[in-house]
Amino acid sequence: MSIASVLSVVSALVIVGVIFTIVINVNHIIDQIEGNLEIKVYLLDDATQLQRDYIYNNLLADENVESVTYESRQQALENFKASLGEDSEYLFSGYTDGNSPIPDSYIVKLKTPENIHDVYLKAVEMDGVRDAVYGEQTVEKLLSFTKFTNIISWVIFAILSLIAVFIIFNTIKLTVFSRKNEITIMKYVGATNWYIRIPFIIEGSLLGVFGALISVLILRSLYYFVYGILIGSLTTLPLGATLASPSAVITQIFVYFVLYGILLGTIGSSFSIKKFLHV
Amino acid sequence: MITFQNISKRYDEDENYALRNINLDIKQGEFIFIVGKSGAGKSTLMKMLLREVYPTSGTLKVSGKNIMKLKEKELPYYRRKIGVVFQDFRLLESKTVYENISFAMEIVQANPKKIQQLTPKILNTVGLRDKARKYPSTLSGGEQQRVAIARSIINSPNILICDEPTGNLDPVTSAGIMDLLSDINSMGTTVIIATHDITMVDRMKRRVIVLDKGHLVSDKIGGYYN
């Protein structure tokens, strides 16, 4: 196991790690945005209590729905005023709790954004419902962005994994080649293929694990550095989302990378010894 | 014990046969020379016994079993019953004489105590008791071949295959190696030796099989010229 091969594995894994960090952060941001996704189901002023109960129960029973909260017209007015700040008093001076221009509503939170349109369609069809709204474009953009980043990161991940396997394959092949004579003798004496394979697989896995550990250390410094800069300059991300905390990211990367290193090492070394076992 | 039935071997379709219609019976405990010029088919025959090479046609049975039908995972266990000695010794330079021999037992995952007991005994048998800690590069050719023989017999094989075992040795040393192989044979091991050392073959007066261009041309007891 040479320093050069460890470093080659490290460089491939660092790039994988950067991609992985981006994916963790995109998912982290999306999770937060998803948590804020809601449909506002506005009720008719003359909706009966029976209709209101039916709408509430029916929406809550939907498997895509996380929670349903009632917001009275008075609360809605207060919330709206609060969101606009000081000027709202002037704007809404003619409105009091009794004649709020905003109807009563149910705020429906969803588990995932995928079926938001179905829930919306179901809600607007119900008796006693005046209208329902949700950020249709935001959801669509969010979904397509998630898909896009996932596809791109999987492609890069696959290519770099192949490169890492190839580096390990070549390194172990050199070791196997230098012990070709020994392997032949072992085969003649009656060693099983697994008996011969295991030391090389261990060596390959160690190469993968060393590479993974060193790259985790590099990624850790890199992420703290980038996180510091971004936290300093970015005051807000869309919809109040934040970046994933460095400790959470490093823990995830550490666990995945050690396993990933072992896997890459095992695959790489298994391929490299295959040819030499046919004696 | 070993039966070659109409064995033919051609490595490539457009090449000549390395072996052609070989019919041969070898009994347990025999001592056999296989002689012939280079390219006569001696090595192919030996490799076939190790199942390193498959025949193009015919059947090869060892202890009643068609060894070409052995599954891949059965092969190591079959080979444990066969010892092999090569012309170029094939010792591991990084291991001592002792380690080169005990290594063969470690591979078959023998009990460590048994390895400690048996290795010095085998060293004694091949006359290298005082060379246990030496490295192969410090030994003479004859001594290196003795180490290789020790390694090949430590797992008590039924058959010992030797491919030109004296090819790199002088006549006196060769005679010593042959005597050692003869001693091993007297303990019940079937010994098959491929060689072109005719003088040696004549001196030993054992069963001699002559191959020529892949054909078995003679199978006699006594010597090459008899």
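This is a predicted model: local features need pLDDT of at least 70, side-chain atom pairs count only at pLDDT 80 or more; totals for chains, interfaces and linings use all residues.
**Cores.** I began with the largest nonpolar core and found 87 residues in it. Phe257(A), Phe33(B) and Leu181(B) are the ones with the most contacts inside this core. I then looked up which element gives the most to it, and that is helix H1 (residues 3-35) of chain A, with 13 residues. Another core, of 34 residues, lies apart from this one; I noted Phe4(B), Leu24(B), Val53(B) and Ile161(B) among its members.

**Around Leu181(B).** I left aside neighbours within four places in sequence and listed the contacts of Leu181(B). They are Phe31(B), Ile149(B), Leu160(B), Cys162(B), Pro165(B), Val191(B) and Ile193(B).

**Ring pairs.** My count over all chains came to 13 aromatic pairs. For Tyr56(A) and Tyr106(A), I have ring centres 5.7 Å apart and planes at 45 degrees, so I logged the pair as tilted. Tyr56(A) belongs to helix H2 (residues 49-61) of chain A and Tyr106(A) to strand E3 (residues 105-110) of chain A, so this pair ties together parts that are 50 residues apart in sequence. Tyr56(A) is partly exposed at 29% relative accessibility, whereas Tyr106(A) is buried at 5%.

Next I checked Phe257(A) and Tyr260(A): their ring centres are 5.9 Å apart and their planes are at 45 degrees, so this pair is tilted. Both residues lie in helix H9 (residues 246-274) of chain A, three residues apart, about one turn of the helix.

Key
Residues are numbered from 1 along each chain as its sequence is written. Chains are lettered from A and ligands numbered from 1 in the order in which they are written. Side-chain values use heavy atoms; hydrogens and water are left out. A nonpolar core is a set of buried Ala, Val, Leu, Ile, Met, Phe, Trp, Tyr and Cys residues joined through side-chain atoms within 4.5 Å. Buried means under 20% relative accessible area, exposed over 50%, partly exposed in between (1.4 Å probe, protein chains only). Helices (H or I, at least four residues) and strands (E, at least two) are DSSP runs, numbered from the N terminus. Contact means heavy atoms within 4.5 Å. Rings of Phe, Tyr and Trp (its six-membered ring) pair if their centres lie within 6.5 Å; planes under 30 degrees apart count as stacked, over 60 as edge-to-face and the rest as tilted.
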